[in-house]
Amino acid sequence: MRRASTVLAVAVVAALGLAACGGGDDDDNQGNAATSTPAQTTAGGGGGGSTVDISTPSGSDLAYEQKDVSAKAGSVTIDFDNKQATPHDVVVEDSSGQELGKTDLISSQTTSATVDLTPGTYTFFCDVPGHREGGMEGTLTVK
Ligand SMILES: [Cu+2]
């Protein structure tokens, strides 16, 4: 009995040793690195996320009714209400101009989109040509 378990223990150690060696050959592991889970250690404390309401005024002004909105870090849902017949959307980009998410392009209806955001200052705007320049732009602050 004792002898058998000793043999087993040796086998386990040998297997672990082999595995460790294999892990040293970095090329093999690259493929499996697809599990590029973002380091979101705060996932547990996030708790539901927050919602931001963005809407356009009825009529045809190129504008949102909100210029400055804020949200809690984590999963942020943009609820967009476009009261106009003119199609609009809401795009969220970070301070370097990288697009992080956007709603559908809609007219006379509502839609929503969810973006994962860390604390910081973001810009939201409508990406229909000319609309951002026309005033459809605002600031989203995430804390
Ligand atoms: Cu627009």
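Mentor: Along the chain, the donors of the copper ion follow the spacing H-x37-C-x4-H, and please keep in mind throughout that this is a predicted model.

Trainee: Which residues and atoms coordinate the copper ion, and at what distances?

Mentor: The copper ion is coordinated by ND1 of His 88, SG of Cys 126 and ND1 of His 131, at 1.9 to 2.1 Å. His 88 lies in the loop between β3 and β4 (91–93), whereas His 131 belongs to helix α4 (residues 131–134), so this pair ties together parts that are 43 residues apart in sequence.

Trainee: And are His 88 and His 131 buried or exposed?

Mentor: Both His 88 and His 131 are buried.

Trainee: Let me step back to the overall layout. How many helices and strands are there in the protein chain?

Mentor: The protein chain holds four helices and eight strands, and read from the N terminus its elements run α-α-α-β-β-β-β-β-β-β-α-β. Of its 143 residues, 28% count as buried. Among the contacts in the protein chain with a separation of 6 or more, 60% come from residues 24 or more positions apart.

Trainee: What is the strand order in the open sheet of three strands?

Mentor: The order in that open sheet is β1-β3-β6, and the pairing is mixed. Its edge strands are β1 (50–55) and β6 (109–117), each of which pairs on one side only, and the twist from one strand to the next averages 20 degrees.

Trainee: How many bridges do β3 and β6 pair over?

Mentor: Strand β3 (residues 74–82) pairs with β6 over nine bridges, in the antiparallel sense. To place that on the sequence, Gly 74 has Leu 117 in β6 as its bridge partner.

Trainee: Now the five-stranded one: what is the order there?

Mentor: That is an open sheet of five strands in the order β2-β8-β7-β4-β5, again described as having mixed pairing. At its edges stand β2 and β5 (99–102), each with a single partner strand, so one side of each is left without a neighbour in the sheet. The twist in this sheet averages 25 degrees from one strand to the next.

Trainee: In which sense do β4 and β7 pair?

Mentor: β4 and β7 pair in the antiparallel sense, over three bridges, and Val 91 stands opposite Phe 125 in β7.

Trainee: Switching to packing, which residues have the most contacts inside the largest nonpolar core?

Mentor: That core has 20 residues, and those with the most contacts inside it are Val 52, Ile 54, Tyr 64, Ile 78, Leu 117 and Leu 140. At least two core residues are supplied by each of β1, β2 (68–71), β3, β6, β7 (120–125) and β8 (137–142), and the largest share, three residues, comes from β3.

Trainee: What does Val 52 touch, leaving out residues up to four places away in sequence?

Mentor: With that exclusion, Val 52 touches Val 69, Ser 70, Ala 71, Val 76, Thr 77, Ile 78, Asp 79 and Leu 140.

Trainee: You listed Tyr 64 in the core as well. How many aromatic pairs does a search of the whole structure find?

Mentor: The search finds two aromatic pairs. In one of them the rings of Tyr 64 and Phe 80 have their centres 6.2 Å apart and their planes at 75 degrees, so the pair is edge-to-face. This pair links distant parts of the chain, since Tyr 64 is in the loop between β1 and β2 and Phe 80 in strand β3, 16 residues apart.

Trainee: And why is the pair of Tyr 64 and Phe 124 counted as tilted?

Mentor: The rings of Tyr 64 and Phe 124 have their centres 5.3 Å apart and their planes at 55 degrees, so the pair is tilted. Phe 124 lies in strand β7 and Tyr 64 in the loop between β1 and β2, so the pair ties together parts that are 60 residues apart in sequence.

Trainee: How accessible is each of the three rings' residues, then?

Mentor: Tyr 64 counts as buried at 7% relative accessibility, Phe 80 counts as buried at 1%, and Phe 124 counts as buried at 0%. Together Tyr 64, Phe 80 and Phe 124 form one aromatic cluster.

Terms used
Residues are numbered from 1 along each chain as its sequence is written. This is a predicted model: local features need pLDDT of at least 70, side-chain atom pairs count only at pLDDT 80 or more; totals for chains, interfaces and linings use all residues. Side-chain values use heavy atoms; hydrogens and water are left out. Two strands pair if DSSP finds at least two bridges between them. Axes are lines fitted to C-alpha atoms, for helices over the stretch in contact, and angles run from 0 to 180 degrees between N-to-C directions. A nonpolar core is a set of buried Ala, Val, Leu, Ile, Met, Phe, Trp, Tyr and Cys residues joined through side-chain atoms within 4.5 Å. Buried means under 20% relative accessible area, exposed over 50%, partly exposed in between (1.4 Å probe, protein chains only). Contact means heavy atoms within 4.5 Å. Donors are N, O and S atoms within 2.8 Å of the metal (3.2 Å for Na, K and Ca); water is not among the atoms, so sites may look incomplete. Rings of Phe, Tyr and Trp (its six-membered ring) pair if their centres lie within 6.5 Å; planes under 30 degrees apart count as stacked, over 60 as edge-to-face and the rest as tilted.
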